[in-house]
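Q: Could you walk me through this structure, one feature at a time, and show me how each kind of feature is read?

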Amino acid sequence: MRSNELVNLFLDSKKGYFRYLAFIEGPIEYSLEVLREYLKVNNNPSTGYFFHPWIEGSKQRLKGFLNYLPQIVDIDYSSSQKYLGSTFDLVIIDAMDDFRPSYIARAIETVRGGGLALIYSDNIDKGKLYKSTITRDGKVSNLFENMFREEIKKHRGVIYYHNDIYVKPFSSQEVSRPRRSRSGKHPEVAKLCVTDDQVKVLDEIDFILEEGKRLFIVTAPRGRGKSASVGLSLPVIISLSKYPLSIVVTSLNYWSGAEIMKFAEMALRAMKKRFRRNVSRDGKILSLEIGESWIRWLPPDLAKDYHGNIIVMDEAAALGKEFIDYVLRRWEKAVLVTTVHGYEGSGKIFLKVLEAYEKERNAQRLNLEFPIRYSKGDPVEKFLYDVFLLNVNVESGDFQGRIIEVTPESLFNVREKLMRVYGILVTAHYRNTPDDLMVLGDATFQRIFLAENDVGVAQVVEEGGLSDEKVDSLSAGEENLGHLIPQRLVKYSRLREFGKLRGWRVMRIAVVPDLQNRGIGSRILSEIEKEAIREGIDWIGSSFLANYNVVKFWTKNGFIPVYMSTKKNESLGGYSVIVAKALSPEATGLIRNASIFFKDKLLRTLHQVYFNVDPLVITRLLKSTPSIDERFTIPDLYIRKINSYLDGTLPYNAVAEAVHMLGEKYFKELKFTVDDALLAGLVSRTFQGKSWYHAGVSLGKKSAEVEETLRQAIRSILNKYQLN
């Protein structure tokens, strides 16, 4: 293609406010050539340069681009989340050292309309950092990379060089520029909005101030300005309120909610309000004080119990349903903002959660459709959706009971099938990212089991079978090296022998929503277990975020809990639980011992290490661990004290030690079954040490109801032990 043709393409994209993507897989000189042509259209572009600065040679490549672009914001991939709210005319993505899908998607999304995203690499198949993490024994596939290339060739608005140059032009006649045609109720703030969708948020947000419990929901695909519009609306709420407001903003991490704080400040300036800002050393706007009112960002664990008038949850799907349930019980007024689909994680299953909230509460939902960074119909957005399967849908079907094993090749060779299968995972999980698609295609140590008619899927990875040298490394604290469950049990439970056993970890298992709770997931697990036994595997296990229904599913299928992380994973928003099932005599004793010690750890540390974990989750974990052959004799004095509490003679605090011993006896011996809902009251008050109020918030009950639940649990245990 002649240079003037590229210039014409870039001129048209500027006219139509849409983006071009250039993907250069070859010598860096070709990237510089495309860059020079773009500079003829925009000779001083704002530029973001994404790379790993600590890898040898990366800074030298950056210097080559600085010869043409003296003003560059160089961005370390690992901190790129901080720039989600930034926009550039030109983004250069160094894919020489790494070609990680989530990094690529995140970087491209910062390009504004009329701009260019330029990815350059020598070869995306080899020598890449993220890909090395899914390489085992030198083996890895290129299915994802091949699909990426094929999609590049199919899509318009893309320039691709790989031995030859491919260009499919796009036209400014096919897009609609973002525009705002109305000023609404608050024109001084509306002038900061880009679309009428955003203005509508400003106009409707006063719903949150109405009497009683209120929930205001804003949903949108990525890039629609939902966080910005909510941020702009917060000072509006304060100005409309008859009394001072305390507004808490929370998100999985600060940068996920940074746009809300940034645009709240912009609105205050537009309204000519006097305010005081509290900014951290690294530039985070932590609070904005407007007279007696304030807007403050807090991490989720602090935000949920903070005393304020309104809580705003940004990227709510990432915070998880349990967190939001707790917040909505605790707070009278809440604003919930979430992405319907995007590269940071899918919110598709969350839409059903939202529907439930809307039925149960006084709720109002707005959906933003028009993009703000580029025109509607932007070809690069379509490419991102198609190559990373961001907007796949899943259809229900019939299941006759047959489970088959399929290969990654069979999925990636038939795009329609890949979309159906991956669609199940996207629909059933909150946190799908483009990285997961690469793992599905490239990992050679995985097994994929599929329910008939593509209505359920399980992704299984092989772990364990480690040498003494690798076990030593894990024991000394090395990373899991692709062996997550052995690493946790070797390092934290000190079970060296476990690392040598061969296991299968069920990394993901999902069933289409319409067919859930019909035993299909259990059937898939049963087939996996049969195949594992045939192949001489010692154990099957899984790791997942602590959730009552998920724990219940696994324990119902004969898996027992052996580990739970002692710190909340801030990037995932929860505590990780590991469950396992022994398939060989060698694994049986090790897994049983690990589970018994885990039970002991829970009972001894619930008041500190696991204070914030859902009491129902703890209850199910304790009931699913093996019983311990210990003789617990409750002193007669304790029995008399407990009965005096039950008849109202003594308060709870006077008998807490006796109740604790009774509960410990029950959970260790497990001689009979008591309902989880009753035991959760015992766990939250007696073992976690929560106040009646906070126990009530955790369980969705009033304080008096929690105490009555605790009494019922105690009565049930005493009756079955015949101790009363």
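Q: Where does His186 lie?
A: Helices (H or I, at least four residues) and strands (E, at least two) are DSSP runs numbered from the N terminus, and His186 sits in the loop between strand E7 (165-168) and helix H7 (187-190). This is a predicted model, in which local features need pLDDT of at least 70 and side-chain atom pairs count only at pLDDT 80 or more, while totals for chains, interfaces and linings use all residues. Residues are numbered from 1 along each chain as its sequence is written, and side-chain values use heavy atoms, with hydrogens and water left out.

Q: Is His186 buried or exposed, and which residues is His186 in contact with?
A: Buried means under 20% relative accessible area, exposed over 50%, and partly exposed in between, with a 1.4 Å probe and protein chains only; His186, at 11% relative accessibility, therefore counts as buried. Contact means heavy atoms within 4.5 Å, and, leaving aside neighbours within four places in sequence, His186 is in contact with Leu202, Asp203, Val236 and Leu240.

Q: Is Glu479 buried or exposed?
A: Glu479 is exposed, because its relative accessible area is 59%. Glu479 has its place in the loop between helix H19 (468-475) and helix H20 (484-491), where it touches Leu474 and Gln487, not counting residues up to four places away in sequence.

Q: Which residues of helix H25 are buried, and where do they fall around the helix?
A: The buried residues of H25 (residues 636-646) are Ile639, Lys641, Ile642, Tyr645 and Leu646. Seen down the axis of H25, these residues fall within an arc of 165°, so they line one face of the helix; the arc is that of the directions from the helix axis to the C-beta atoms. The face turned away from the buried side carries the exposed residues Asp636 and Arg640, while the cover over the buried residues includes helix H26 (656-669), helix H28 (692-699) and helix H29 (703-721). Just after H25, Gly648 takes a positive phi of about 90°.

Q: How do the axes of H25 and H26 cross?
A: Axes are lines fitted to C-alpha atoms, for helices over the stretch in contact, and angles run from 0 to 180 degrees between N-to-C directions. Angles under 35 degrees count as roughly parallel, over 145 as roughly antiparallel, 65 to 115 as roughly perpendicular and the rest as oblique. The axes of H25 and H26 come within 9 Å and cross at roughly 110°, and H25 and H26 are therefore roughly perpendicular to each other. Tyr638, Lys641 and Ile642 of H25 make the contact with Glu657, Ala658, Val659, Met661 and Leu662 of H26.

Q: How do the axes of helix H6 and helix H15 cross?
A: The axes of H6 (residues 143-154) and H15 (residues 379-387) come within 10 Å and cross at roughly 150°, so H6 and H15 are roughly antiparallel to each other. A crossing is left-handed if the near helix is turned anticlockwise from the far one by less than a right angle, and right-handed if clockwise; the crossing of H6 and H15 is right-handed. Phe144, Met147, Phe148, Glu151 and Ile152 in H6 meet Phe383, Asp386 and Val387 in H15.

Q: How do the axes of H27 and H28 cross?
A: The axes of H27 (residues 676-687) and H28 come within 9 Å and cross at roughly 140°, which means that H27 is oblique to H28. The crossing of H27 and H28 is right-handed.
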